[in-house]
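Thanks for asking me to look this one over. Here are my notes, written as numbered points so that you can follow them with the model open beside you.

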Amino acid sequence: MTRNKTYVADIERKLYDQRNPFTYSHKTDKGLTPEIIREISAQKNEPEWMLEFRLRSLETYYQLDLPPWGPNLIELDIDNIVTYVKPIVDRQYSWEDIPDDIKQTFDLLGIPKAEHEFLAGVGAQYDSEVVYHSIQESVAKEGVVYLDMETAVHEYEDLIKEYFMSLVTPRDHKFAALHGAVWSGGSFVYIPAGVKVEIPLQSYFRSNAPGAGQFEHTLIIVEPGSYLHFIEGCSAPRYSVNNLHAGCVELFVREGSTLRYSTIENWSRNMFNLNTKRALVERDGAIEWVSGSFGSKVSMLYPMSILQGERARAEFTGVTFAGGGQILDTGAKVVHAAPHTTSTINTKSISKGGGTAIYRGLIKVTKNAYHSKSTVSCESLILDNESISDTIPVMQIDTDQVDLGHEAKIGRISDEAIFYLMTRGIDEEEARAMIVRGFVEPISKELPLEYAVEMNNLVKLELEGTIG
Amino acid sequence: MTQPLLKIKDLQVHIEDKQILKGLNLEMKEGEIHVIMGPNGAGKSTLANVLMGHPKYEVVGGEIEFCGSDVSPLKPHERAQLGLFLSFQYPQEIAGITLENFLRSAKGAVDQKQVKVLEFHKLLKAKMELLEMKPEYAERYLNLGFSGGEKKKSEILQMLILDPKLAIMDETDSGLDVDAVRVVAKGVKEYHHIDNSMLIITHHKSLLEYIEPDFVHFLVDGQIVESGGPELVEHVEQAGFAAYKA
């Protein structure tokens with residue numbers, strides 16, 4: 001009996017691959033020099049301290065080497081990446097005022113519709129600048145601040161000066177330094193004490209320019225006893241040149257607060273996604289990460305939770321889908337730095353068509369973090385023989401009084417399971433789809449609804465060949 | 001005279017170049033219950049899997065006709081749509097899809113028409129009650145973490161819902177306690193209304209205390225060596241299969 005290879009379709013990219021003609025009002029030369037940094041800062045009319053911060057970061061960037069571990073980044077030629085691209089539009093507070101081609105892009109991605117239906121606020125960034133930002137009046141009235149970072153630097157200068165890159169410092173790694181030097185766009189969110197924002201805020205980052213970098217900065221402070229769900233979506237059309245995304249996310253979760261941070265990343269397959277995310281959680285606070293990584297050529301993404309106060313809690317739920325030519329090296333890091341802290345990490349990955357999906361994670365428990373508890377579960381599904389999956393968990397434990405659990409499973413779709421489903425009248429293609437959807441179901445139910453639907457479409461399977 | 005529902009003629013089957021079935025013949029009419037008994041390794045489960053079209057088994061000779069058509073070119077799901085069903089000896093566990101959602105999809109696929117959600121829910125509830133299954137099993141992932149007995153009940157439930165013309169039961173009674181056998185038998189009786197047929201594969205007679213077969217066959221070393229009425233069951237209990245070894 002001949003058996004053809006099972007073929008699972010690539011993620012439908014038509015929607016994301018819609019590219020607009022590349023127009024801009026300002027664009028820096030390729031490569032990185034202090035002059036370029038000054039130019040970016042001048043364009044943004046920044047205070048002097050921010051320019052100095054950028055220049056110091058650039059120095060650090062020159063000093064640091066590429067990480068000696070993880071995926072190979074040789075193909076990434078930073079000197080050829082344009083760091084700053086300003087679209088021809090000033091920031092708007094009404095969709096009508098945004099140029100048609102840019103507006104159409106966001107329309108296609110469903111952003112204005114989503115804002116209308118189920119979001120408390122929306123930010124939309126196109127290349128290096130935020131082109132749209134709004135927040136519901138009722139939410140703003142409670143003192144919630146949701147602004148693009150450039151405006152925040154002016155309007156909340158003291159806060160920004162105190163917190164900006166204090167959690168992820170430019171010395172953290174080479175791309176954090178790069179980010180400090182060339183950051184542009186992003187969101188600033190401030191939730192006052194006791195305010196619970198019932199509906200999510202969402203920022204959408206869209207990169208259109210070829211060979212450009214995107215370096216948005218997200219800074220969120222949730223004061224004691226508050227709640228926020230923040231959603232971040234990212235995509236870009238595909239060009240033949242490599243793009244770089246080196247964003248930075250800093251989250252400050254105060255006593256007794258909960259912050260849920262959901263990300264769906266669907267960058268194009270020429271993107272190096274080297275993103276740094278970190279949360280500092282105080283007493284009785286909780287950070288809940290939900291992360292879907294589907295796009296990019298190479299991703300290195302390990303959101304870190306620092307549990308600084310007693311009983312602080314971190315949850316990480318992630319799904320990674322690596323297709324042909326993709327290396328998605330993702331995971332989570334948790335530092336238990338106080339007693340009675342808990343962390344739960346749950347990840348699932350699917351690799352197919354020669355794709356590589358790696359889980360890389362760190363659990364660190366400091367000496368004083370007694371009676372802490374950590375549970376890590378990583379499951380991988382490999383859809384064919386060309387694809388690769390691996391799990392690299394690291395644990396550094398400095399106390400005996402700790403409860404640790406780790407479980408890793410790597411599997412394939414079993415022919416017996418397919419046969420079983422087929423004997424119930426279900427064709428092979430649907431049987432495979434059922435198994436793959438079932439595999440990611442515990443994760444997809446954590447995603448915001450529209451993204452859960454999108455993810456189910458991602459695993460829509462096209463098959464040729466047969467088991468029967 | 002009605003035409004045979006199932007007609008197996010000189011069936012020869014290989015698995016990984018080893019011959020398992022060596023010229024098996026069997027005919028069943030609508031409404032009949034047939035029992036196949038035989039020692040381990042005789043080819044009983046092979047027969048069940050081959051009838052459903054498992055790709056691991058290679059049919060090298062002979063014919064299988066179901067409802068007058070040759071099923072050999074058909075894939076498992078097409079055989080299911082034609083009215084064949086297999087209750088597995090070892091049912092698979094499928095994570096991420098609930099028993100109810102799965103069975104609704106399966107019902108739609110077998111009947112080739114849209115299933116009404118509420119109507120289906122009622123039907124499922126009724127059949128689960130009959131099988132003494134707790135309602136929360138409908139919301140659990142398909143067979144995942146079910147006990148041996150619950151898995152077999154899940155198989156019988158699927159049989160009742162999909163309502164095939166011919167149900168093949170592969171060792172459904174093995175490993176079950178007395179109480180579970182009683183419940184399974186209840187399901188089987190519910191299923192066996194006038195024109196539904198059954199091919200029961202077993203190597204002991206616990207289920208047969210509840211169900212009266214029309215025919216009993218002994219399968220030894222890939223062939224049916226003797227056929228007869230229910231009295232054969234008693235005979236094999238006394239003499240054992242050894243008497244039939246080639």
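Predicted model: local features only at pLDDT ≥ 70, side-chain atom pairs only at ≥ 80, totals over all residues.

1. Let me begin with helix 2 (residues 34–43) of chain A and helix 3 (residues 48–63) of chain A, whose axes come within 10 Å and cross at roughly 150°. Because of that angle, helix 2 of chain A is roughly antiparallel to helix 3 of chain A; the cut-off for that label is an angle over 145 degrees. The crossing of helix 2 of chain A past helix 3 of chain A is right-handed.

2. Which residues bring these two helices of chain A together? From helix 2 of chain A come Pro34(A), Ile37(A), Arg38(A), Ile40(A) and Ser41(A), and they meet Leu51(A), Arg54(A), Leu55(A), Leu58(A) and Tyr62(A) of helix 3 of chain A. By class, this contact has 7 nonpolar residues, 1 polar and 2 charged.

3. Helix 3 of chain A also packs with helix 9 (residues 174–182) of chain A: their axes come within 7 Å and cross at roughly 150°. Helix 3 of chain A and helix 9 of chain A are therefore roughly antiparallel to each other. Here the crossing is left-handed.

4. On the helix 3 side of that contact in chain A sit Phe53(A), Arg54(A), Ser57(A), Leu58(A), Thr60(A), Tyr61(A) and Tyr62(A). Helix 9 of chain A supplies Lys174(A), Ala177(A), Leu178(A), Gly180(A), Ala181(A) and Val182(A). The tally for this contact is 8 nonpolar, 3 polar and 2 charged. Do look at Arg54(A), Leu58(A) and Tyr62(A), which take part in the contact with helix 2 of chain A and also in the contact with helix 9 of chain A.

5. Turning to chain B, the axes of helix 4 (residues 117–130) of chain B and helix 5 (residues 148–162) of chain B come within 10 Å and cross at roughly 135°. That angle makes helix 4 of chain B oblique to helix 5 of chain B, and the crossing is right-handed. Phe120(B), Leu123(B), Leu124(B), Lys127(B), Met128(B) and Leu130(B) of helix 4 of chain B touch Leu157(B), Leu160(B) and Ile161(B) of helix 5 of chain B. This contact counts 8 nonpolar residues, no polar and 1 charged.

6. Finally, the interface: 32 residues of chain B are in contact with 23 residues of chain A. About 2200 Å² is buried between the chains, with 68% given by carbon and sulfur atoms. Within chain B, the most area is lost by Pro55(B), His77(B) and Gln92(B), together 24% of what that side buries.

7. How many salt bridges link chain B and chain A? The count is 2. Arg424(A) and Glu155(B) form a salt bridge through their side chains, at 2.7 Å from N to O.

Notes. Residues numbered from 1 in each chain as written. Chains lettered and ligands numbered in written order. Heavy atoms only, no water. Axes fitted to C-alpha atoms, helices over the stretch in contact; angles between N-to-C directions. Helix = DSSP H or I, 4+ residues; strand = E, 2+ residues; numbered from the N terminus. Parallel < 35°, antiparallel > 145°, perpendicular 65-115°, else oblique. Left-handed = near helix turned anticlockwise from the far one by under 90°. Contact = heavy atoms within 4.5 Å. Nonpolar A, V, L, I, M, F, W, Y, C, P; charged D, E, K, R; others polar. Buried area = accessible area lost by both parts, 1.4 Å probe. Salt bridge = Lys/Arg side-chain N within 4 Å of Asp/Glu carboxyl O.
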